[in-house]
Amino acid sequence: MSDPDFDTFPLAVIGRKYEDFAVGQKLPHHWGRTITGGDNATFSTATCAWVPLYLNAEYARAHGHPDAVVNPMLVLCTVVGLSVEDLSEAGGPFLGIDDCVFHLPVYPGDTLTARSEVVDRRLTSNRPGVGIVTWHTQGHNQRGELVVELRRTNLVALRDPIEESAA
């Protein structure tokens, strides 16, 4: 059997372009992610977040929690990660997160889901071929309770920058 000619395979285009977003558009994301105690311990250890509330269930219980609290940065990373396929998979520089609010603690065994709404969309004045899109993203637990929300902004490539710049 001969080696395949990879140049003959069609490229799969992934992700959305600037034109695929409209202010007010709502995007439910990925089917969710259950956070385990192992996820929490690994993330907290890898990021040197030696907070007893995240790593010691007895300490957390003594402070009114039913279990160790999931590191909020893991919650944030998970919710943003759930949104990538719909918002930024095609690439484009990440410009930041604003107005991030953690509403409720997350515990091992909770399943997070996310949804976003396009809140701003504009062309750049100094970077032809790209626009700036901002989304309001919310993360919920399995009971539908809001656990985190944020505004996230990315540069997003235009589908056809030549036509857009002529408009």
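Mentor: Before we start, a residue is called buried under 20% relative accessible area, exposed over 50% and partly exposed in between, using a 1.4 Å probe and protein chains only. This is a predicted model, in which local features need pLDDT of at least 70 and side-chain atom pairs count only at pLDDT 80 or more, while totals for chains, interfaces and linings use all residues. Residues are numbered from 1 along each chain as its sequence is written, and side-chain values use heavy atoms, with hydrogens and water left out.

Trainee: Understood. How many salt bridges are there?

Mentor: The count comes to seven. The rule asks for a side-chain nitrogen of Lys or Arg within 4 Å of a carboxyl oxygen of Asp or Glu.

Trainee: Which residue does Arg159 form a salt bridge with?

Mentor: Its partner is Asp20, and the closest N and O atoms are 2.6 Å apart. The pair links distant parts of the chain, 139 residues apart: Arg159 is in the loop between β6 and α5 (161-166), and Asp20 is in the segment before β1 (26-28). Helices (H or I, at least four residues) and strands (E, at least two) are DSSP runs, numbered from the N terminus.

Trainee: What does Asp39 pair with in a salt bridge?

Mentor: Asp39 pairs with Arg33, with 2.9 Å between the closest N and O atoms. Arg33 has 38% relative accessibility and counts as partly exposed.

Trainee: And which residue forms a salt bridge with Arg151?

Mentor: That is Asp99, where the closest N and O atoms are 3.8 Å apart. Arg151 lies in strand β6 and Asp99 in strand β3 (residues 94-102), so the pair ties together parts that are 52 residues apart in sequence. Arg151 is partly exposed, at 31%, whereas Asp99 is exposed, at 57%.

Trainee: What is the phi of Asp99?

Mentor: Asp99 has a positive phi of about 50°, although it is not a glycine. Most residues other than glycine have a negative phi. Cys48 is another non-glycine with a positive phi, of about 55°. Cys48 sits in the loop between α1 (37-46) and α2 (52-55) and is exposed, with a relative accessible area of 53%.

Trainee: Changing topic to cysteines: how many disulfides does a search of the whole structure find?

Mentor: The search finds zero; a disulfide would need a pair of cysteine sulfur atoms within 2.5 Å. For Cys48, the closest cysteine sulfur is in Cys77, 15 Å away and too far for a bond. For Cys100, the closest cysteine sulfur is again that of Cys77, at 10 Å, which is too far for a bond.

Trainee: Now the sheet. How many bridges join β4 to β5?

Mentor: Ten bridges join strand β4 (residues 111-123) to β5, and the two run antiparallel. Strands count as paired if DSSP finds at least two bridges between them.

Trainee: What about β5 and β6: how many bridges join them?

Mentor: Eleven bridges join β5 to strand β6 (residues 146-157), again antiparallel. Val130 stands opposite Ala157 in β6. This hairpin has five residues between the strands, and Gly144 takes a positive phi near 80°.

Trainee: Is β5 mostly covered or uncovered?

Mentor: Strand β5 (residues 130-140) is mostly covered, with ten of its eleven residues buried.

Trainee: Last topic. Which residues make up the largest nonpolar core?

Mentor: That core has eleven residues, including Ile35, Val70, Leu74, Val79, Leu112, Ala114 and Val148. Such a core is a set of buried Ala, Val, Leu, Ile, Met, Phe, Trp, Tyr and Cys residues joined through side-chain atoms within 4.5 Å. The elements giving two or more residues to this core are α4 (72-87), β4 and β6, and α4 gives the most, with four residues.

Trainee: What is Val79 in contact with, leaving aside its neighbours within four places in sequence?

Mentor: Val79 is then in contact with Leu112, Ala114, Thr137, Gln138, Gly139 and Val148, where contact means heavy atoms within 4.5 Å.
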